Amino acid sequence: MHWVLDIAFDEDSNRTRKGHSAANLAVIRHIALNLIKAEKTSKVGIKTKRLKAGWDNEYLVA
């Protein structure tokens, strides 16, 4: 799981250190990863699905 998070979300370069921000962002990334994995309309990789959601509002909503 860590490898997938590092490749898709570049988790190793995360520099958050105040309070619980690192743990909170990790939870958000895990939720996003689960949502991306559940999406089956496009047969591409996780990183590509994430980029596509950022570029195409119709894909993001669907």
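Lys49 touches Ile36, Glu39, Ser42, Val44 and Tyr59, leaving aside residues up to four places away in sequence. This is a predicted model. Its protein has four helices and zero strands. Lys49 itself is found in helix H3, which covers residues 46-55.

- Lys49 has a relative accessibility of 9%. The cut-off for buried is under 20%, so Lys49 counts as buried.
- Glu39, one of the residues that Lys49 touches, also forms a salt bridge with Lys49.
- The closest N and O atoms of Glu39 and Lys49 are 3.6 Å apart. The limit for a salt bridge is 4 Å.
- The pair links distant parts of the chain. Glu39 sits in the loop between H2 and H3, while Lys49 sits in helix H3.
- Side chains of opposite charge can pair when their charged atoms come close.

**Overall build**

- Along the sequence, the pattern reads α-α-α-α.
- The C-alpha atoms fill a box of roughly 35 × 20 × 20 Å, taken along the principal axes.
- The protein has 62 residues, and buried ones make up 23% of them.

**Helix H1 and Leu5**

- Helix H1 spans residues 2-9 and includes Leu5.
- The buried residues of H1 are Leu5, Asp6, Ala8 and Phe9.
- The cover over these buried residues includes H2 and H3.
- Leu5 has a relative accessibility of 2%, so Leu5 counts as buried.
- Leu5 touches Asp10, Glu11, Arg29, His30 and Leu33, again leaving aside residues up to four places away in sequence.
- Leu5 and Leu33 are 28 residues apart in sequence. In space, their C-alpha atoms are 7.6 Å apart.
- Asp10 follows H1. The phi of Asp10 is positive, near 50°.

- Val27, Ile31 and Leu35 form a nonpolar patch on the surface. Together they have about 290 Å² of accessible area.
- Leu35 lies in helix H2, which runs over residues 21-38.
- The relative accessible area of Leu35 is 59%. The cut-off for exposed is over 50%, so Leu35 is exposed.
- An α-helix has 3.6 residues a turn, so residues three or four places apart point the same way.

**Surface and charge**

- The protein exposes about 4900 Å². Carbon and sulfur atoms supply 61% of that area.
- The protein has 11 positive and 7 negative side chains.
- The centres of the positive and negative sets lie 3 Å apart.

**Points to keep in view**

- Is Leu5 buried or exposed? Leu5 is buried, at 2% relative accessibility.
- Is Leu35 buried or exposed? Leu35 is exposed, at 59% relative accessible area.
- Which residues form the nonpolar patch on the surface? They are Val27, Ile31 and Leu35.

Definitions and conventions:
Residues numbered from 1 in each chain as written. Predicted model: local features only at pLDDT ≥ 70, side-chain atom pairs only at ≥ 80, totals over all residues. Heavy atoms only, no water. Helix = DSSP H or I, 4+ residues; strand = E, 2+ residues; numbered from the N terminus. Buried < 20%, exposed > 50% of the residue type's maximum accessible area, 1.4 Å probe, protein only. Contact = heavy atoms within 4.5 Å. Areas by Shrake-Rupley, 256 points an atom, 1.4 Å probe, with all protein chains shown as cover. Lys, Arg positive; Asp, Glu negative; His and termini not counted. Charge placed at Lys NZ, Arg CZ, Asp CG, Glu CD. Patch = residues over 30% accessible without salt bridge, like charges linked within 9 Å, V, L, I, M, F, W, Y side chains within 5 Å. Salt bridge = Lys/Arg side-chain N within 4 Å of Asp/Glu carboxyl O.
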